[in-house]
Amino acid sequence: MTDDTAPPAGPKLPTERPSERPGLIATYRRLWPHLWPHGRPDLQRRVFLAFGLLLAAKLVTMVTPFTFKWITDALVAAIGGQDAPTPKGLLAAPMLLIALYGVSRIAMSALTQIRDGLFAKVAMHAVRRLALQTFEHMHRLSLRFHLERKTGGLTRVLERGRAGIEELSRLMVLTLVPTIVEFVLVLGVLAYEFNWTYAATAFLTVAAYLAFTYKATEWRIAIRRRMNASDTDANTRAVDSLLNYETVKYFGAERREAARYDESMARYEKASTQTYVSLAVLNAGQAVIFTLGMTVVMWLAARDILAGRTTIGGFVLANTMLVQLSMPLNFMGMIYREIKQALIDIDDMFRILGQNPEIADRPGAAPLKVAGGTVRFADVRFAYNPERPILRGVSFEIPAGQTVAVVGPSGAGKSTLSRLLFRFYEPQSGRISIDGQDIAAVTQASLRAAIGMVPQDTVLFNDTIGYNIRYGRADATDAELREAARLAQIDGFVSGLPEGYDTPVGERGLKLSGGEKQRVAIARTILKAPPILVLDEATSALDSFTEAEIQAALDRVSRGRTTLVIAHRLSTVVNADAILVLDHGRIVERGTHAELLEAGGVYAALWDRQREADAALEVLQRADAPVVPRPGRTAVPETEAAE
Ligand SMILES: Nc1ncnc2c1ncn2[C@@H]1O[C@H](COP(=O)(O)OP(=O)(O)O)[C@@H](O)[C@H]1O
Ligand SMILES: [Mg+2]
């Protein structure tokens with residue numbers, strides 16, 4: 001109960017609820033430049049007009065209680081008037097005043113509505129700008145940030161921040177400021193119409209009311225924070241669990257998943273119940289304070305009537321004005337809560353905006369100029385975590401237009417090489433260069449434009465196949481699109497689909513098989529047509545038949561391009577100009593396929609082992625064939641496949 005920065009159990013939400021918060025004013029000051037529509041004179045005019053309407057509406061609001069006073073006094077005079085010569089003539093006055101009352105009420109709400117409509121555009125413009133800014137910034141932040149931060153949590157920060165700005169500008173401008181204006185007017189009227197004791201009583205009442213609201217709300221915000229944290233946590237877990245739908249089924253883990261989810265929901269249940277209880281406390285306290293103040297003012301008025309210092313109309317005026325003020329004040333509790341909450345949500349968003357991208361362009365970085373595309377790694381050392389080095393001094397060169405393959409056991413750091421080349425991470429020491437230019441010194445955009453990447457695990461956008469292929473180059477023509485698909489050998493598959501290129505691929509591309517996804521990835525890289533190509537186990541998701549076909553396509557694509565091939569299966573790299581064997585963060589062997597076999601080292605051993613495994617697999621795949629090697633097939637070693 002005391003700790004509101006982290007949920008009591010389960011995975012911690014990293015950097016989610018830091019205890020250090022800038023104050024309300026500080027956050028508001030940071031937000032202000034975003035709210036004020038710079039460079040948009042049309043929107044600025046709207047702001048001024050809205051404030052003009054606000055003042056007008058509040059002045060009209062003040063007329064309403066006065067009409068009550070005048071009506072009452074006129075009626076009192078009409079029926080009980082001691083010196084009323086013609087009751088008929090006097091009765092016309094209350095009727096006119098009642099009409100005035102109606103007109104003032106209508107004018108008040110009309111002015112308010114027009115103002116709200118005018119201001120909505122200003123607020124929404126600010127929301128859009130800041131949301132866009134945050135979104136762009138999220139893309140600037142490093143891969144490390146995104147891997148550590150849960151995507152579900154991140155999008156909710158964006159969503160809540162966006163809602164927060166909308167809420168804040170609405171509440172401040174449409175409710176808080178008008179109420180302050182009204183309060184000042186009420187104090188003035190009370191002092192002028194009655195005397196300073198009335199004004200002082202109203203002032204003290206509202207001060208006590210606001211102080212209580214502030215205290216109670218501070219307490220409630222801690223509860224709200226816990227509620228938000230558990231809500232985010234539950235949501236992240238649900239998203240993660242559903243993304244892993246298939247894995248959950250493989251392990252029959254539905255109950256476990258449900259229990260994990262329920263654990264977060266239990267925390268949410270507890271926190272949100274507390275929210276309701278605390279709301280009741282807040283509302284009750286507010287009612288008591290305001291009623292006490294009202295009672296005092298009415299007692300003062302009654303005393304003054306009896307003393308002949310004011311009329312019955314005066315009593316009605318004081319009462320009506322306070323009741324009228326109590327309406328926005330009632331919201332004041334909610335408004336403070338919401339403003340504070342909105343500021344917290346906005347602050348979360350600002351925190352993301354405040355995160356410096358780990359990888360940033362150096363000041364004055366020039367774009368990369370690719371001549372042939374020679375890639376060099378010079379004594380590169382790298383670790384994701386300082387305790388565990390992944391690369392311990394890797395040096396190699398891919399001469400322009402050549403293909404170099406990196407092989408080695410899983411986890412050796414092969415994909416890491418491609419992430420470093422793409423500058424998702426920065427090496428701790430050593431240098432990576434393209435045509436002699438350090439990749440850390442050129443702009444990221446130009447670097448990434450020069451490199452095509454077919455990753456190990458392809459994730460697709462939840463859109464059509466055509467959209468995903470065209471992602472390689474948005475302005476590609478239909479003919480180019482089809483040609484790329486043909487080269488990647490996916491055209492046959494696509495033309496077999498009823499909807500062709502318009503077939504949706506599902507979230508992350510789940511409706512396609514691994515091989516189909518991989519071919520989409522190849523096709524879009526073909527469209528991009530970069531001078532440098534990285535194939536990270538590009539064919540690992542394919543069966544050996546398709547692999548052979550795609551290998552031909554890849555060979556064609558990589559011709560004339562500097563290519564880094566990362567391969568698990570050695571059969572795909574026999575034609576590479578050079579093969580590097582990476583093990584434990586070092587290159588332990590290098591040479592052509594023939595040279596490495598000749599040397600009889602790690603590579604040769606791996607080669608033998610994979611040949612045997614491939615052969616055994618092939619036998620198993622021939623479902624209706626007898627499970628014995630056919631004589632004469634050299635690929636099947638005598639010792640293995642049978643039995
Ligand atoms: N973002 C990361 N944070 C920490 N460790 C990582 C990260 N990505 C990969 N690793 C670790 O680095 C090692 C090398 O990974 P990787 O280069 O992907 O291997 P592979 O040779 O199979 O492609 C692995 O042990 C992996 O667990
Ligand atoms: Mg890998």
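Which residues of α15 are buried? In this predicted model, the buried residues of α15 are E516, K517, Q518, R519, V520, A521, I522, A523, R524, T525, I526 and L527, where buried describes a residue with 20 or more other C-beta atoms within 10 Å of its own, exposed one with 12 or fewer, and partly exposed one in between, the C-beta atoms being placed from the backbone.

## Basis of the description

Residues are numbered from 1 along each chain as its sequence is written, while chains are lettered from A and ligands numbered from 1 in the order in which they are written. Since the model is predicted, local features need pLDDT of at least 70 and side-chain atom pairs count only at pLDDT 80 or more, whereas totals for chains, interfaces and linings use all residues.

## The protein as a whole

The protein has 643 residues, of which 31% count as buried, and its secondary structure comes to 18 helices and ten strands. Helices (H or I, at least four residues) and strands (E, at least two) are DSSP runs, numbered from the N terminus. Two residues are in contact if their C-beta atoms, placed from the backbone, lie within 7 Å; among the contacts with a separation of 6 or more, 76% join residues 24 or more positions apart.

## Helix α15 and the residue after it

A529 counts as partly exposed because it has 15 C-beta neighbours inside 10 Å.

Four strands, in the order β2-β1-β4-β5, form an open sheet with antiparallel pairing, where two strands pair if DSSP finds at least two bridges between them. Strands β2 (388-398) and β5 (437-438) stand at the edges with a single partner strand each, so one side of each is left without a neighbour in the sheet. Strand β1 (residues 375-385) is joined to β2 by eight bridges, the two running antiparallel, and F377 stands opposite F396 in β2. Helix α10 packs on the sheet, touching β1, β2 and β4 (429-434), and its direction makes about 110 degrees with that of β1; axes are lines fitted to C-alpha atoms, for helices over the stretch in contact, and angles run from 0 to 180 degrees between N-to-C directions.

In the loop between β4 and β5 is D435, which has a positive phi of about 50 degrees although it is not a glycine. With 18 other C-beta atoms within 10 Å, D435 is partly exposed.

Helix α10 (residues 414-421) is mostly covered, with six of its eight residues buried, namely K414, T416, L417, S418, L420 and L421. Just after α10, R423 takes a positive phi of about 60 degrees.

Ligand 1 is surrounded by L147, Y384, I390, S410, G411, A412, G413, K414, S415 and T416, a residue being near a molecule if its C-beta atom, placed from the backbone, lies within 6 Å of it. To this shell α10 gives the most, with three residues. The shell divides into four nonpolar residues, five polar and one charged, where Ala, Val, Leu, Ile, Met, Phe, Trp, Tyr, Cys and Pro count as nonpolar, Asp, Glu, Lys and Arg as charged, and the others, Gly among them, as polar.
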